[in-house]
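Trainee: Could you take me through how strand pairing and helix packing are read from a model?
Mentor: Let us look at the model together and go feature by feature.

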Amino acid sequence: MTTQTDLAIRAVELSRTFVVGETRIEALRGVNLEVPKGQFVALVGPSGSGKSTFLNLVGGLDRPTGGKLWVNGLELSTGKEKVLTEHRRRRVGFVFQSFNLLPRLTAVENVALPLMFVGVPERERLARARELLIQVGLGARLEHRPTQLSGGEQQRVAIARALVGRPAIILADEPTGNIDSVTGAEIMALLRRLNRDQGVTLLLATHNPEAAAFADRVVHLRDGQVAGTCKGKA
């Protein structure tokens with residue numbers, strides 16, 4: 001029996017409604033989902049199915065309209081902004097389709113940047129950034145700026161940046177969307193390895209079945225609801 005302490009994510013009747021003018025958009029409609037700690041789960045579905053909305057709620061970037069959401073035992077659905085800010089800084093790491101690297105900073109400086117906001121001394125920031133870049137295969141690219149890196153290399157920098165704060169959960173939103181299929185497979189294999197080696201929970205949003213196949217479990221979303229689940233092929 002799975003208990004609350006075993007769960008990285010627990011959503012109960014989670015909903016999120018957006019109002020645009022006179023139009024109500026129900027992005028999530030009563031989602032119930034549990035993700036055990038250390039599991040790799042892929043959320044799949046067409047555009048507008050609620051994948052990114054769910055990731056944003058888990059990451060504390062947005063608040064639900066209704067229902068309950070716990071992330072590693074912390075109830076985010078009633079959390080104040082200070083709680084959500086701390087959650088974003090220390091408990092989760094984000095990897096997006098757009099790499100979101102700062103063009104004037106080197107790879108190691110981009111990776112180290114989040115640690116500045118939580119008060120980590122510069123020497124330790126850079127040391128941790130170098131270590132992670134080596135882990136993701138960029139030991140020879142430490143001083144390169146984003147324009148000097150390929151798309152796949154930039155995404156590896158973004159993954160290292162997501163991990164530098166030692167989060168319990170990584171949220172990846174279409175991380176292979178801006179790179180070719182071969183490089184995308186390499187990125188997914190890297191995420192799979194980091195998930196297994198470090199025990200970090202990984203929640204992936206994707207419309208790509210080849211990317212979803214790397215997961216332990218695949219959750220199908222449609223019209224803001226869970227339409228079904230199955231095992232991944234990893």
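Mentor: Two strands pair if DSSP finds at least two bridges between them, where strands (E, at least two residues) and helices (H or I, at least four residues) are DSSP runs numbered from the N terminus. This is a predicted model, in which local features need pLDDT of at least 70, side-chain atom pairs count only at pLDDT 80 or more, and totals for chains, interfaces and linings use all residues. Residues are numbered from 1 along each chain as its sequence is written, and side-chain values use heavy atoms, with hydrogens and water left out.

Trainee: In strand 4, which residue is the bridge partner of R10?

Mentor: Strands of a sheet pair through backbone hydrogen bonds, either parallel or antiparallel. Here the partner of R10 is W70 in strand 4, and five bridges join strand 1 (residues 7-20) to strand 4 (residues 66-71), the two running antiparallel.

Trainee: What is the order of the strands in the open sheet?

Mentor: The four strands follow the order 2-1-4-5 with antiparallel pairing; strand 2 (23-36) and strand 5 (74-75) are the edges, each pairing on one side only.

Trainee: At what angle do helix 3 and helix 5 pack?

Mentor: Two packed helices are described by the angle between their axes and the distance between the axes. Axes are lines fitted to C-alpha atoms, for helices over the stretch in contact (heavy atoms within 4.5 Å), and angles run from 0 to 180 degrees between N-to-C directions. Helix 3 (residues 107-116) and helix 5 (residues 151-163) pack at about 30°, with axes 7 Å apart. In helix 3, A107, N110, V111 and P114 meet V157, A160 and R161 of helix 5.
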